[in-house]
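Work through the exercises below with the structure open beside you. Try each task before you read its solution.

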Amino acid sequence: MHNVILIGMPGVGKSTLGVLLAKTLGMTFLDTDLVIQDQKKALLRELIAQHGIDGFLALEGTVCAGLQAENAVIATGGSVVYEPEAMAHLREIGTVVYLKLGYKALARRLGNLKNRGVVLRPGQTLRMLYEQRIPLYETYAHITVDCGGQDIEHTLDRVLRALEKAQPKKNASL
Ligand SMILES: Nc1ncnc2c1ncn2[C@@H]1O[C@H](COP(=O)(O)OP(=O)(O)OP(=O)(O)O)[C@@H](O)[C@H]1O
Ligand SMILES: O=C(O)C1=C[C@@H](O)[C@@H](O)[C@H](O)C1
Ligand SMILES: [Mg+2]
């Protein structure tokens with residue numbers, strides 16, 4: 001039943017790092033963005049265009065709140081933290097790891113936001129999105145790993161060490 005769930009801003013490396021982590025730990029890998037696409041038979045950007053931001057978030061929330069997984073590393077979409085039910089479920093089924101990256105590094109990493117389908121509301125800048133989401137990631141994380149200033153292999157090492165050390169605060173109330 002125990003899973004590792006990666007949360008964090010878009011482009012921080014949840015999907016890229018998640019696969020490597022799963023290989024290293026001998027776990028399976030799930031990407032909730034791909035689960036949504038598979039269940040709905042549409043691309044994320046098509047779903048956002050079709051249902052609007054709130055519709056997409058509701059859909060993402062429902063899929064993630066019902067996610068069944070065992071011994072899996074689960075990369076989530078950056079927007080899942082807007083959905084309390086989904087986050088309660090994810091915290092229940094595993095250890096939630098927040099991959100943290102400073103604003104400047106993230107902005108450099110992200111490039112074109114539109115191609116990623118980030119759920120930005122009209123007038124909302126990346127900086128505003130960052131400020132809004134950071135407290136949510138912090139609230140839901142069992143563990144936080146700083147991914148700044150290092151390549152992916154070093155980040156992988158950091159996550160592995162953090163997981164080894166962690167006593168998941170499974171019963172901690174939010
Ligand atoms: N040190 C690093 N760690 C992780 N990713 C890195 C690093 N340096 C560069 N990258 C690049 O940053 C990008 C991370 O994108 P990725 O799709 O894994 O992010 P994500 O967190 O899954 O985003 P989303 O929420 O949109 O799904 C990749 O293109 C990856 O190659
Ligand atoms: O951070 C976000 O706003 C998103 C990230 C993607 O992974 C997708 O889940 C979706 O396109 C929204
Ligand atoms: Mg991803």
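The exercises that follow concern a predicted model.

**Exercise 1. Confidence**

Task: State what average pLDDT the chain has, and what ipTM and pTM the predictor gives the complex.

Solution. 
- Step 1. Start with the chain. Its average pLDDT is 92.
- Step 2. A score of at least 70 is reached by 93% of the residues.
- Step 3. Turn to the complex. The predictor assigns an ipTM of 0.96 and a pTM of 0.94.

**Exercise 2. The largest nonpolar core**

Task: Find which residues touch the most other members of the largest nonpolar core, and which element gives the largest share.

Solution. 
- Step 1. In soluble globular proteins, nonpolar side chains tend to be buried together.
- Step 2. Take the core itself. It has 40 residues, and those touching the most other members are Ile-5, Leu-6, Ile-7, Ile-74, Val-97 and Leu-99.
- Step 3. List the elements that give two or more residues to this core. The strands are β1 (3-7), β3 (72-75) and β4 (94-100). The helices are α1 (14-25), α3 (44-65), α4 (84-93), α7 (126-140) and α8 (152-165).
- Step 4. Pick out the largest share. Helix α3 supplies it, with five residues.
- Step 5. Beyond four places in sequence, Leu-99 touches Leu-6, Gly-8, Val-12, Gly-13, Lys-14, Leu-17, Val-145 and Cys-147.

**Exercise 3. The shell around ligand 1**

Task: Describe which residues are closest to ligand 1 and how the shell divides by residue type.

Solution. 
- Step 1. Count the shell. Ligand 1 is surrounded by 20 residues.
- Step 2. Name the closest. They are Pro-10, Gly-13, Lys-14, Ser-15 and Thr-16.
- Step 3. Assign elements. Helices α1 and α8 each give at least two shell residues. The largest share is four residues, and α1 provides it.
- Step 4. Sort by type. Nine shell residues are polar, six are nonpolar and five are charged.

**Exercise 4. Gly-13 and Ser-15**

Task: Decide whether Gly-13 and Ser-15 are buried or partly exposed.

Solution. 
- Step 1. Apply the cut-off. Gly-13 is buried because 20 other C-beta atoms lie within 10 Å.
- Step 2. Read the contacts of Gly-13. Past four places in sequence, they are Leu-99, Cys-147, Ile-152 and Thr-155.
- Step 3. Ser-15 has 18 C-beta neighbours inside 10 Å, so it counts as partly exposed.
- Step 4. Read the contacts of Ser-15. Outside four places in sequence, Ser-15 touches Asp-31 and Ala-75.

**Exercise 5. Annotated positions**

Task: Explain why the "binding site" positions that UniProt lists from Gly-11 to Gln-150 do not all gather at one spot.

Solution. 
- Step 1. Read the record. An unreviewed UniProt entry lists Gly-11, Val-12, Gly-13, Lys-14, Ser-15, Thr-16, Arg-121 and Gln-150 as "binding site".
- Step 2. Examine Asp-33. It lies in helix α2 (residues 32-40). Asp-33 counts as buried because it has 22 C-beta neighbours inside 10 Å. Its contacts beyond four places in sequence are Leu-44 and Gly-77.
- Step 3. Examine Gly-78. It is found in the loop between β3 and α4. With 20 other C-beta atoms within 10 Å, Gly-78 is buried. Beyond four places in sequence, Gly-78 touches Gly-8, Met-9, Pro-10 and Val-118.

**Exercise 6. Glu-60**

Task: Work out where Glu-60 lies and which residues it touches.

Solution. 
- Step 1. Locate Glu-60. It is part of helix α3.
- Step 2. Count neighbours. Glu-60 has 25 C-beta neighbours inside 10 Å, so it counts as buried.
- Step 3. Take one pair. Glu-60 and Glu-83 are 23 residues apart along the chain, and their C-alpha atoms are separated by 8.1 Å.

Key:
Residues numbered from 1 in each chain as written. Chains lettered and ligands numbered in written order. Predicted model: local features only at pLDDT ≥ 70, side-chain atom pairs only at ≥ 80, totals over all residues. Core = buried A, V, L, I, M, F, W, Y, C linked by C-beta atoms within 7 Å. Buried ≥ 20, exposed ≤ 12 C-beta atoms within 10 Å, placed from the backbone. Contact = placed C-beta atoms within 7 Å. Near = placed C-beta within 6 Å. Nonpolar A, V, L, I, M, F, W, Y, C, P; charged D, E, K, R; others polar. UniProt positions renumbered as here; feature names shortened; annotations may be inferred. pLDDT = per-residue confidence, 0-100.
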